[in-house]
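Take them one step at a time, and try each task before reading its solution.

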There are 2 protein chains.
Amino acid sequence: MFTLVVNGLMSCIAYLVVVRIIPPLEGMFIKANLYGIDLSKTKKDKVPEAIGVVTGCIFLIALFLFIPVPFSSSIFENADFPHDEFVELIAALLSICCMLLLGFADDVLDLKWRHKLLLPTVASLPLLMVYYVNFNSTTVIIPKPFRSWFGFSINLGLLYYVYMGMLAVFCTNAINILAGVNGLEAGQSVIIAMSIAIFNLLELYGDLWKAHRFSLYFIFPYIATSLGLLKYNWYPSRVFVGDTFCYFSGMTFAVVGILGHFSKTMLLFFIPQVINFLYSVPQLFRLVPCPRHRIPRYNPQTDKLEISTTTFKLSDLNVTGIICLSILKKLRLIHWKEYYKEDSEKWVQCNNFTLLNFFIVLLGPMREVALTKYLLIFQVICSLLAFSIRYPLASLFYDV
Amino acid sequence: MFTLVVNGLMSCIAYLVVVRIIPPLEGMFIKANLYGIDLSKTKKDKVPEAIGVVTGCIFLIALFLFIPVPFSSSIFENADFPHDEFVELIAALLSICCMLLLGFADDVLDLKWRHKLLLPTVASLPLLMVYYVNFNSTTVIIPKPFRSWFGFSINLGLLYYVYMGMLAVFCTNAINILAGVNGLEAGQSVIIAMSIAIFNLLELYGDLWKAHRFSLYFIFPYIATSLGLLKYNWYPSRVFVGDTFCYFSGMTFAVVGILGHFSKTMLLFFIPQVINFLYSVPQLFRLVPCPRHRIPRYNPQTDKLEISTTTFKLSDLNVTGIICLSILKKLRLIHWKEYYKEDSEKWVQCNNFTLLNFFIVLLGPMREVALTKYLLIFQVICSLLAFSIRYPLASLFYDV
């Protein structure tokens with residue numbers, strides 16, 4: 001437990017450093033052309049972008065300084081050095097550092113979509129290699145109802161590595177597309193990280209306590225640095241987190257999920273992101289026209305956010321698109337308005353398919369900060385749901 | 001040897017990738033405001049800056065893909081996995097990746113001097129930790145003439161770690177300050193890397209062959225990617241390498257020097273950089289006024305480079321400054337011109353203290369490409385000198 005206390009103290013220091021270091025750096029980012037204009041404000045100030053690179057670096061420095069701590073006993077007692085645990089720590093840092101570099105490069109250079117999918121996969125290679133040499137357990141226990149078909153367990157082999165490789169890509173992009181109002185990216189990441197931390201702390205008394213302690217080594221500094229960032233990213237944002245932060249967060253979650261052996265439980269904490277992704281599918285796969293920006297529209301008269309919309313001729317959609325839309329319409333999950341233009345064809349206006357717009361469809365136009373709060377409350381509720389799935393319900397499907 | 005062949009093949013592919021990928025990325029860098037104007041050309045085109053990040057990433061990807069190769073036999077034969085060798089590879093990549101991130105951040109954000117000294121030290125922490133747990137040999141053999149005073153060997157303890165920590169800072173900045181003409185940073189780095197490769201190949205038949213093979217794993221891809229970069233950075237430069245490249249190169253050299261156990265021999269390949277540093281000392285420590293840019297002055301009439309100068313009142317210098325200058329003047333190592341201004345005080349104009357200006361003082365104004373060639377030839381000569389110090393002369397000072 002000593003190592004966790006040291007880690008916690010270092011995390012507190014990291015929080016203070018982040019809080020103190022961001023304001024003086026703001027000008028540096030604007031000077032370097034790294035800034036955005038907040039579309040949901042009347043003032044059109046330059047807001048520094050990609051500040052996630054600062055918290056990422058502080059996170060890395062904190063963990064670099066922490067490296068010797070878990071191994072202090074082996075060092076002082078001249079015992080056999082646990083190289084296998086050591087390499088886990090180093091490889092995890094390598095993957096995170098690599099991702100931070102890629103994220104920052106993306107913010108600066110605006111990488112193409114294919115890079116955004118390819119590079120996280122490459123960055124997770126060292127991690128998979130460590131998993132391979134240290135555990136190489138690719139066997140999955142089958143839930144009870146399905147055991148008559150698949151048996152007690154199934155060895156996924158290579159497929160399990162593909163799954164782990166895609167985990168980083170998923171976590172990164174899942175956070176990246178549930179975004180668009182001040183404080184949401186950092187806020188949701190902090191809630192996910194806190195859920196992971198609670199889960200790890202509960203499991204510290206289980207058989208796999210070592211893996212969960214390992215996860216906490218990363219999650220504490222992550223929460224600390226992200227809270228520091230959230231202080232400035234909260235409404236009204238003084239700084240934007242940038243893709244850097246999403247890349248960095250996604251990889252941190254993937255790392256602890258993989259090396260902490262709870263990647264499936266971790267996905268449970270991503271329910272809002274999964275819902276947002278599924279809801280976005282018709283636009284992501286271009287079944288419905290998708291504008292460049294899908295964030296809610298700001299109405300300067302009322303200082304409230306309204307839905308942003310996409311407009312199209314109904315006859316331009318293909319069959320799959322029409323089926324998707326009619327299901328969503330029937331379930332009242334979208335705003336839907338039909339009208340005829342001079343070409344006497346039926347045109348449709350509906351909201352962009354994001355969770356943000358859906359909340360506005362449901363609750364009506366609201367101030368930006370209210371929307372952020374609703375979404376974060378939703379994230380917390382989903383985490384509670386995740387815990388109830390993981391603990392009471394899991395006993396129905398698995399022997400505990 | 002099989003692993004070295006695979007590594008060599010992967011390096012060739014890395015070279016081809018670098019050569020193909022740089023041209024399409026040029027526009028991306030200019031769009032992101034990452035460009036410089038070549039001061040030594042009549043055309044004032046935007047030249048993309050910080051392209052070192054591209055070669056660095058290709059280098060990392062090549063090594064990520066190479067990771068499993070050296071361990072393939074342990075994996076297939078189910079033998080005891082050599083975690084200690086594995087962690088060396090991963091930690092080395094972590095330090096290099098970290099440095100690439102810092103270098104790129106420096107190019108984008110223009111970091112302060114204190115960051116430039118602090119951050120490389122932090123980035124080398126994982127490396128030192130690995131050195132500590134894997135070797136922790138801090139004993140230095142004393143050269144024969146000094147053994148009567150110090151004994152056969154001396155244990156430097158913590159001091160040795162300080163020395164290794166400073167190695168990264170030294171290598172980085174040594175390359176960074178011997179710069180200013182097209183192709184020089186990349187060119188000198190390639191020559192240093194080739195010298196290291198030759199040294200490693202010679203030592204492959206010695207006792208420490210494993211350490212030297214480890215070094216070659218990094219040096220081959222490094223040479224390949226840097227040669228690819230040099231192709232576009234050579235006179236007239238289509239791209240600039242940026243601080244990113246210097247950081248990345250410096251750390252790569254430090255890594256192989258430390259984990260390959262030849263950090264002292266490696267320093268021998270930095271003779272021109274050391275000379276340049278010593279020659280620069282009066283300006284670096286502000287004994288003599290130091291302008292923002294010290295690169296040679298371009299004369300568009302002749303298309304030749306001339307010395308750039310610094311001008312000051314002789315009475316403004318302190319004692320140390322005057323002593324330095326008079327020694328340099330006596331040895332004819334500087335250009336020196338005295339004159340009187342209307343204030344009837346003695347003013348002095350002398351060249352900026354860089355090796356580049358010194359070559360022009362020595363050989364007269366010349367075209368930029370000629371200066372680069374002279375400096376690179378000088379680098380090769382110094383490498384030959386280094387080998388003659390390391391091999392024939394070392395036997396006078398050490399038992400071989």
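Buried area is the accessible area, taken with a 1.4 Å probe, that two parts lose on being put together, summed over both. Keep in mind that this is a predicted model.

**Exercise 1.** Describe the interface between chain A and chain B: how many residues are in contact, and how much area is buried?

*Solution.* 
Step 1: Start with the contacts: 45 residues of chain A meet 45 residues of chain B.
Step 2: Turn to area. The two chains bury about 3800 Å² between them, and 89% of that is on carbon and sulfur atoms. On the chain A side, A:F64, A:L101 and A:L109 lose the most area to chain B, together 17% of what that side buries.
Step 3: Look for charge pairs and polar pairs. The count of salt bridges between the chains is 0, while 2 residue pairs are in polar contact across the interface.
Step 4: Find the source of the chain A side. The largest share, 16 residues, comes from α4(A). By class, that side has 39 nonpolar, 3 polar and 3 charged residues.

**Exercise 2.** Locate the largest cavity and say which residues line it.

*Solution.* 
Step 1: The whole structure holds 3 cavities of 30 Å³ or more, and the largest has a volume of about 60 Å³.
Step 2: Its lining draws on both chains, with A:F64, A:C57, B:L101 and B:V122 among the residues.
Step 3: α2(A) gives the most to this lining, 4 residues.
Step 4: Sorted by class, the lining has 9 nonpolar, no polar and no charged residues.

Technical notes
Residues are numbered from 1 along each chain as its sequence is written. Chains are lettered from A and ligands numbered from 1 in the order in which they are written. This is a predicted model: local features need pLDDT of at least 70, side-chain atom pairs count only at pLDDT 80 or more; totals for chains, interfaces and linings use all residues. Side-chain values use heavy atoms; hydrogens and water are left out. On a 1 Å grid over the protein atoms alone, a cavity is a set of points where a 1.4 Å probe fits but cannot get out, and a pocket is an open set with protein on both sides within 12 Å along at least five of seven lines; lining residues have an atom within 4 Å of a point. Grid points are joined across faces, edges and corners, and a volume is the space filled by probe spheres set on the points. Helices (H or I, at least four residues) and strands (E, at least two) are DSSP runs, numbered from the N terminus. Ala, Val, Leu, Ile, Met, Phe, Trp, Tyr, Cys and Pro count as nonpolar, Asp, Glu, Lys and Arg as charged, and the others, Gly among them, as polar. Contact means heavy atoms within 4.5 Å. A salt bridge is a side-chain nitrogen of Lys or Arg within 4 Å of a carboxyl oxygen of Asp or Glu. A polar contact is a pair of N or O atoms within 3.5 Å; within protein, one must be able to donate a hydrogen and the other to accept it, and residues adjacent in sequence count only if both atoms are side-chain atoms.
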